[in-house]
Amino acid sequence: MADRKPPKISSRKQPKQARSNQLVTAVLQAAAQVLAVEGAQRFTTARVAERAGVSVGSLYQYFPNKAALLFRLQSDEWQQTTDLLSLILKDAGKPPYERLRALVHAFLRSECDEAQMRVALNDAAPLYRDAPETKQARARGERTLQAFMREMLPDTPRATRMRAVDLIGTTLSTVGKQFSESPRTLPEIKAYADAMSDMFLDYIERIRQT
């Protein structure tokens with residue numbers, strides 16, 4: 001049996017003129033609205049084009065299929081999160097432990113603020129999760145966390161640091177998703193983020209002492 005080829009999710013072309021940029025922006029805004037209202041199962045390029053007020057042909061100039069459109073929404077969300085976390089982790093004016101705590105708080109707030117969109121994108125993930133572009137997008141965030149962990153644990157063997165990166169990253173992603181599936185108040189988010197931060201910091205301190 002032949003291997004299944006990953007879906008083509010790269011944009012057909014990049015907008016260069018103001019009018020093209022406006023079209024892509026309108027399509028992405030419409031796509032987010034359709035996804036939030038209809039969910040991943042009823043998401044179609046025809047519905048997106050109708051809501052955006054453009055032809056399906058115009059949409060296809062930039063997005064070859066609905067997987068490409070959904071991946072663009074997901075990659076934009078990943079990029080926003082990565083930029084936020086990178087800004088926190090690279091703030092040399094604060095101690096590393098304080099930055100890690102700020103990272104957890106910001107991540108959980110972000111997960112809760114955009115919970116509806118994240119749930120819909122998670123439902124759509126099978127359309128693009130095996131594509132090379134998905135792996136590349138995820139790798140950017142992992143590199144940021146790896147660099148931070150080298151700063152926190154400079155004398156620790158690389159294998160141990162990588163395990164810490166994987167544990168913290170996986171825990172943040174998994175717990176954040178589950179935690180944000182129910183409406184949360186700000187005090188609840190703060191209490192949960194404090195508990196997670198304490199857990200991570202205790203784990204890192206144990207590594208430092210070994």
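A residue is called buried when its relative accessible area is under 20%, exposed when it is over 50%, and partly exposed in between. The model is a predicted one. Asp76, at 28% relative accessibility, therefore counts as partly exposed, and Arg72, at 25%, is partly exposed as well. These two residues form a salt bridge; both lie in helix α4 (residues 66–89), four residues apart, about one turn of the helix.

The count of salt bridges comes to nine. Three of them are listed below.

| Pair | Closest N to O |
|---|---|
| Asp76 and Arg72 | 3.1 Å |

Arg101 belongs to helix α5 (residues 96–113) and Asp198 to helix α9, so their pair ties together parts 97 residues apart in sequence. Arg101 is partly exposed at 27%, and Asp198 is partly exposed at 41%. Glu205 and Arg208 are three residues apart in helix α9, about one helical turn. Shared partners join Arg101, Lys190, Asp194 and Asp198 into one network of salt bridges.

Helix α9 spans residues 186–209 and reaches 34 Å from its first C-alpha to its last. Its buried residues include Ile189, Met196, Phe200 and Ile204.

Helix α8 (residues 158–179) has 22 residues and reaches 31 Å, close to the 32 Å expected. Among its buried residues are Ala164, Val165, Ile168 and Leu172. The buried residues of α8 fall within an arc of 145° seen down the axis, so they line one face of the helix. The face turned away from that side carries the exposed residues Arg158, Ala159, Asp166 and Gln178.

Key. Residues numbered from 1 in each chain as written. Predicted model: local features only at pLDDT ≥ 70, side-chain atom pairs only at ≥ 80, totals over all residues. Heavy atoms only, no water. Helix = DSSP H or I, 4+ residues; strand = E, 2+ residues; numbered from the N terminus. Expected span 1.5 Å × (residues − 1). Buried < 20%, exposed > 50% of the residue type's maximum accessible area, 1.4 Å probe, protein only. Arc of directions from axis to C-beta. Salt bridge = Lys/Arg side-chain N within 4 Å of Asp/Glu carboxyl O.
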